[in-house]
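Subject: Structure for you to look over

Dear colleague,

Here is the structure I said I would pass on. Please have it open while you read the notes that follow.

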Amino acid sequence: MTSRPADLPADAPADDVSVAVAAAYDARAATYDESAMHRDLAARVAAFCELDDVRDVLDVATGTGLVLRALVALAPRPLRLTGVDLSPDMLAVAHRGSPGATLLRADAAALPLADGSADLVTCVTALHLVPDPRAVLREWARVLRPGGRAVTATFTAFGGPGPGPRAFPTHHDAFADPGLLATQAAAAGLRLRRHADWRHDDGDAFLLGELEVAA
């Protein structure tokens, strides 16, 4: 007897998790941008990024492209934008909002980009979804140019009861404080350069971290 998606165990095969995540976010694509928290977090992440020397941006788990649009609004020069996601419906929304971006359906642990091709990697509220976050972080280290940075935002608390039952396992506790994020990053050849805490008006709280390739 095979498990239904809602019954996926914590050690489910990565392919099964990817299918379940894509289906869940396909279902949310049409209304995702209606969330003030999602919009405000994207803006806060963009403001946290240092953009003066950035030209090529990769947004991992880009969803509807909120972070890409927020970065464009703040950048001092035009950006070359790439976004990857598992959900085709989310990518369709992202394309409407950023028609000039390169948007690819891809696994975050196997990015379809060349080594040293990005000045900035962003990833917002997605590390807790991936079966092997260190593999994802290693991909960031691979695609970053010398001097490049990766910026991530992870949940540290929820204003309400938190997300309900999911069709896939999640791993919020692995990124709940700077020390944990630094440990995960170090195992992938990255160093936590700086971090900040941010809480939305709805009570959800986040850790923003900037990573660089370790010397």
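Helices (H or I, at least four residues) and strands (E, at least two) are taken as DSSP runs and numbered from the N terminus. Please keep in mind that this is a predicted model.

On that numbering, glutamate 210 belongs to strand E7, which covers residues 205-213. Glutamate 210 has a relative accessible area of 1% and is therefore buried, since buried means under 20%. Its side chain makes a polar contact, at 2.4 Å, with the side chain of arginine 193. Leaving out residues up to four places away in sequence, glutamate 210 touches Phe48, Glu50, Arg149, Ala150, Val151, Arg191, Leu192, Arg193 and Arg194.

The parallel strands

Strands E1 and E2 run parallel and are joined by five bridges. Within this pairing, valine 60 stands opposite valine 84 in E2. Between the two strands the chain passes through H3, and this β-α-β crossover is right-handed.

E2 (residues 80-85) also pairs with E3 (residues 102-105), again in the parallel sense, over four bridges. Threonine 82 has threonine 102 of E3 as its bridge partner, and aspartate 85 stands opposite arginine 105 in E3. The chain gets from E2 to E3 by way of helix H4 (residues 88-97), in a β-α-β crossover that is right-handed.

How far is E2 enclosed by the rest of the structure? Five of its six residues are buried, so E2 is largely enclosed.

Packing around H3 and H2

The buried residues of H3 are Leu66, Val67, Leu68, Ala70 and Leu71. These residues pack against H2, E1, E2, E3 and E4.

On the H2 side, alanine 46 lies in that helix. Alanine 46 counts as buried because its relative accessibility is 1%. With neighbours within four places in sequence left aside, alanine 46 is in contact with Leu51, Ala70, Leu71 and Leu74. Ala70 and Leu71 are among the buried residues of H3. The C-alpha atom of alanine 46 is separated by 23 Å from that of valine 130, and the two residues are 84 residues apart along the chain.

On the E4 side, threonine 122 lies in that strand. Its relative accessibility is 0%, so threonine 122 counts as buried. Not counting residues up to four places away in sequence, threonine 122 touches Cys49, Leu58, Asp59, Val60, Val67, Leu71 and Val151. Val67 and Leu71 are among the buried residues of H3.

Two residues with positive phi

Alanine 61 is not a glycine, yet its phi is positive, at about 60°. Alanine 61 sits in the loop between strand E1 (56-60) and helix H3 (66-74). Is alanine 61 buried or exposed, or does it count as something in between? Its relative accessibility is 31%, so alanine 61 counts as partly exposed.

Threonine 125, also a residue other than glycine, has a positive phi near 45°. Threonine 125 is found in the loop between strand E4 (118-124) and helix H5 (133-143). At 12% relative accessibility, threonine 125 counts as buried.

The largest pocket

The volume of the largest pocket is about 770 Å³. Its lining consists of 48 residues, and those nearest its centre are Tyr25, Ala61, Thr125, Ala126 and Leu129.

Which elements give two or more residues to the lining? They are helix H1 (14-28), helix H2 (36-48), E1, H3, E2, E4 and H5. H1 gives the most, with seven residues.

Best regards

How values were computed:
Residues numbered from 1 in each chain as written. Predicted model: local features only at pLDDT ≥ 70, side-chain atom pairs only at ≥ 80, totals over all residues. Heavy atoms only, no water. Pairing = 2+ DSSP bridges. Right-handed = clockwise from strand over helix to strand, strands pointing away. Buried < 20%, exposed > 50% of the residue type's maximum accessible area, 1.4 Å probe, protein only. Polar contact = N/O pair within 3.5 Å; in protein donor to acceptor, adjacent residues only side chain to side chain. Contact = heavy atoms within 4.5 Å. 1 Å grid on protein atoms, 1.4 Å probe; cavity = no way out; pocket = protein on both sides within 12 Å on 5 of 7 lines; lining within 4 Å. Points joined across faces, edges and corners; volume = space filled by probe spheres on them.
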